[in-house]
Amino acid sequence: MLVSIDTNSGFCFGVTSAIRTAEEQLKQGDLYCLGDIVHNGQEVARLELMGLATIDYDDLRTLPAHSRVLLRAHGEPPSTYWIAQQRGIEIIDATCPVVKKLQDRIRACYEAHKNDEPTPPQIVIYGQPGHAEVIGLQGQTNNTAIVIENTGQLDRIDFHRPIYLFSQTTKSVEGFRELVEAIKSQITNHHSPIVPEVHDTICRNVANRVQRLQDFARANDLVIFVGGSKSSNARVLYNNCKEANQNTIFISHPDELEAHMAEITALSPDAKIGICGATSTPQWLMEQVKDRLER
């Protein structure tokens, strides 16, 4: 069988930059990371072996002064910076530039309209509730932003108040368009004069992967998608692969291939097997999957 790795898969710019920053900073001494540096357990484990210690918000409040803490590509709310300043902690900010720009836009929108009369506006974020990036985005609005994951949650919006819509950077472009149309439809149904202000803030470096990924999926008889179980982007891209090729399986570690050996060995001897991954999937992990599969 022919086994190949998708050349367009793997870390996006923001994740690559954050990991490179972590590796460089580890050479200078102890380094903490607030949350998993990337939603991929194998990459987190690799960096922990190099000395990177993963902490949570409770740990942040108890670290000694002058500790060095890396902020990952997902970004953080203003409260994190305030806590670090109060504790005398040095921040190494590896927030993705795309995420940072989005934070600035949402904060500017909030500051410009928070005192509007007769009612304050609604900043709506198309995103995954509880996701690290979304927590950082909500923080720009003093946690007043409304998070909507799908069109079934539109009852959270008041269609008689101004609406400012943004998106988590790694969400689906198609899903965002569906949400926009659903909001406009609801406004019409409510006979409201509101015209929503729509900001398409999805990262095109991620979104543009979809077509190439689907082309890759169609070119293979079986697709093995490698992604972290906690990665929102991995689930989105996996579903994109599944749309193009129903014969697609999701794994997070080479060991998980064993559970799929029956369907793999049932393929014809000249079958093509493609390996691809999310923006949080390291190249070395896809290569390990390829090696394990060939063995």
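1. In helix α4, which spans residues 78-87, the buried residues are T80, I83 and A84. Because these buried residues fall within an arc of 100° when seen down the axis of α4, they line one face of the helix. An α-helix has 3.6 residues a turn, so residues three or four places apart point the same way. The model is a predicted one, and the remarks below should be read with that in mind.

2. On the face of α4 that is turned away from its buried side, the exposed residues are W82, Q85 and Q86. The buried residues of α4, for their part, pack against β2 (31-34), α3 (57-60), β4 (68-71) and β5 (90-93). After α4 comes G88, and the phi of G88 is positive, near 75°.

3. Searching the whole structure gives four aromatic pairs. One of them joins Y126 and F176 in a tilted arrangement, with 6.1 Å centre to centre and 40° between the planes. This pair links distant parts of the chain, since Y126 belongs to strand β6 (residues 122-126) and F176 to helix α7 (residues 173-189), 50 residues apart. Y126 is buried at a relative accessible area of 6%, and F176 likewise counts as buried, at 3% relative accessibility.

4. Another aromatic pair is formed by F225 and F250, which are stacked at 5.8 Å centre to centre with 20° between the planes. Here too the pair links distant parts of the chain, with F225 in strand β10 (residues 222-226) and F250 in strand β11 (residues 248-251), 25 residues apart. Both F225 and F250 are buried, and ring pairs link F225 and F250 with Y238 into a cluster.

5. The search of the whole structure accordingly reports zero disulfides. As to burial, C203 counts as buried at 11% relative accessibility, and C109 counts as buried at 7%.

Definitions and conventions:
Residues numbered from 1 in each chain as written. Predicted model: local features only at pLDDT ≥ 70, side-chain atom pairs only at ≥ 80, totals over all residues. Heavy atoms only, no water. Disulfide = S-S within 2.5 Å. Buried < 20%, exposed > 50% of the residue type's maximum accessible area, 1.4 Å probe, protein only. Helix = DSSP H or I, 4+ residues; strand = E, 2+ residues; numbered from the N terminus. Arc of directions from axis to C-beta. Contact = heavy atoms within 4.5 Å. Phe/Tyr/Trp six-rings, centres within 6.5 Å; stacked < 30°, edge-to-face > 60°.
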